[in-house]
Amino acid sequence: MDPYTTAALVTATASIIAVALSTKMTSKNHQQLIEDNKLSRKQLEEMNKELKNLEAIQENQLAHLQTKLDMMTYIYKTNHSKRVEVLTSFYSQLAEIKLVLQSFVVPLFNHSVTGDPQTLKDAAYKFEKLYKYSSMNLLYFRNVEKFMQSLGDLMASINMMQNEDKANGKSSWKIQANTLISDINPILKNIGDEIREELKLDL
């Protein structure tokens, strides 16, 4: 075989081997790519599953928190409504006592009679009702000690007016009027201011 033919055969053989090796490598790479894709797909499926589980857990947690928030909001609104009811009723009864005491020393209307001992008895009776009402609803007063102290001062002033009336009758009018102006009115104003602050009426 001449040298040229031998060289051609060697070149052709080398080309065939190169093509075969290239084909084999391509096939192997293709197979590896398929395996990698399978692995990636499996990983994605697992990640999606984990994400769905996390979403479910978060939804449950949010639902639980929302339930607690709704319950707390309901409790707050219920308690606040009751508190408003108690404090406004308290002030209404207090204002009624003030009007009765004022009518004892100053005629509020043309037909009003001042200096009637029964008026002081009415005020004392209304105060007793107010005191019982307050005692049964102390839970709704923020500053219990201050409110009860004010009620104690009011009771003392009413008793003093009654004692003056029993001891000196109509001649004690100036003392009783002064007690109303100097002692009772400031007490009632302080309680009223406290209630306004409690209910945030000035906001």
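Colleague: Why does lysine 129 count as partly exposed?

Modeller: Set the value against the cut-offs. Buried is under 20% relative accessible area, exposed is over 50%, and partly exposed lies in between (1.4 Å probe, protein chains only). Lysine 129 has 47% relative accessibility, so it counts as partly exposed. A caution: this is a predicted model, in which local features need pLDDT of at least 70, side-chain atom pairs count only at pLDDT 80 or more, and totals for chains, interfaces and linings use all residues. Residues are numbered from 1 along each chain as its sequence is written, and side-chain values use heavy atoms, with hydrogens and water left out.

Colleague: Where does lysine 129 lie?

Modeller: In helix H2. Helices are DSSP runs of H or I with at least four residues, strands are runs of E with at least two, and both are numbered from the N terminus. The chain has 4 helices and 0 strands, so its pattern along the sequence reads α-α-α-α.

Colleague: What makes leucine 120 buried?

Modeller: Its relative accessible area is 2%. The limit is under 20%, so leucine 120 is buried. Leucine 120 also sits in helix H2.

Colleague: Which residues does leucine 120 touch, not counting those up to four places away in sequence?

Modeller: Leu101, Phe104, Met161, Gln162, Asp165 and Gln176. Contact here means heavy atoms within 4.5 Å. Aspartate 165 is 45 residues away along the chain, and its C-alpha is 9.0 Å from that of leucine 120.

Colleague: How do you know whether H2 and H3 are roughly parallel or roughly antiparallel?

Modeller: From the angle. H2 and H3 pack at about 160 degrees, with axes 10 Å apart. Axes are lines fitted to C-alpha atoms, for helices over the stretch in contact, and angles run from 0 to 180 degrees between N-to-C directions. Under 35 degrees is roughly parallel, over 145 roughly antiparallel, 65 to 115 roughly perpendicular, and the rest oblique. H2 and H3 are therefore roughly antiparallel. Among the residues making this contact are Leu120 and Tyr131 of H2, and Met148, Leu151 and Asp165 of H3. The contact residues divide into 13 nonpolar, 3 polar and 2 charged. Ala, Val, Leu, Ile, Met, Phe, Trp, Tyr, Cys and Pro count as nonpolar, Asp, Glu, Lys and Arg as charged, and the others, Gly among them, as polar.

Colleague: What makes H3 and H4 roughly antiparallel?

Modeller: Their angle is about 160 degrees, with axes 10 Å apart. The cut-off is over 145, so H3 and H4 are roughly antiparallel. H3 passes H4 in a left-handed crossing: the near helix is turned anticlockwise from the far one by less than a right angle, whereas clockwise would be right-handed. This contact has 10 nonpolar, 4 polar and 7 charged residues.

Colleague: Is threonine 179 buried or exposed, and how do you know?

Modeller: Buried, because its relative accessibility is 3%. Threonine 179 is in helix H4, residues 173–198. Beyond its neighbours within four places in sequence, threonine 179 contacts Ser157, Met160, Met161 and Ile184. By contrast, alanine 156 in H3 (residues 144–168) has 45% relative accessibility and therefore counts as partly exposed.

Colleague: What makes a set of residues a nonpolar core?

Modeller: Members are buried Ala, Val, Leu, Ile, Met, Phe, Trp, Tyr and Cys residues, joined through side-chain atoms within 4.5 Å. The largest core has 29 residues, and Phe90, Leu101 and Leu154 touch the most other members. H1 (3–105), H2 (117–136), H3 and H4 each give two or more residues. H1 supplies the largest share, 9 residues. Phenylalanine 90 has contacts including Leu130, Phe147, Leu151 and Ile191. In soluble globular proteins, nonpolar side chains tend to be buried together.
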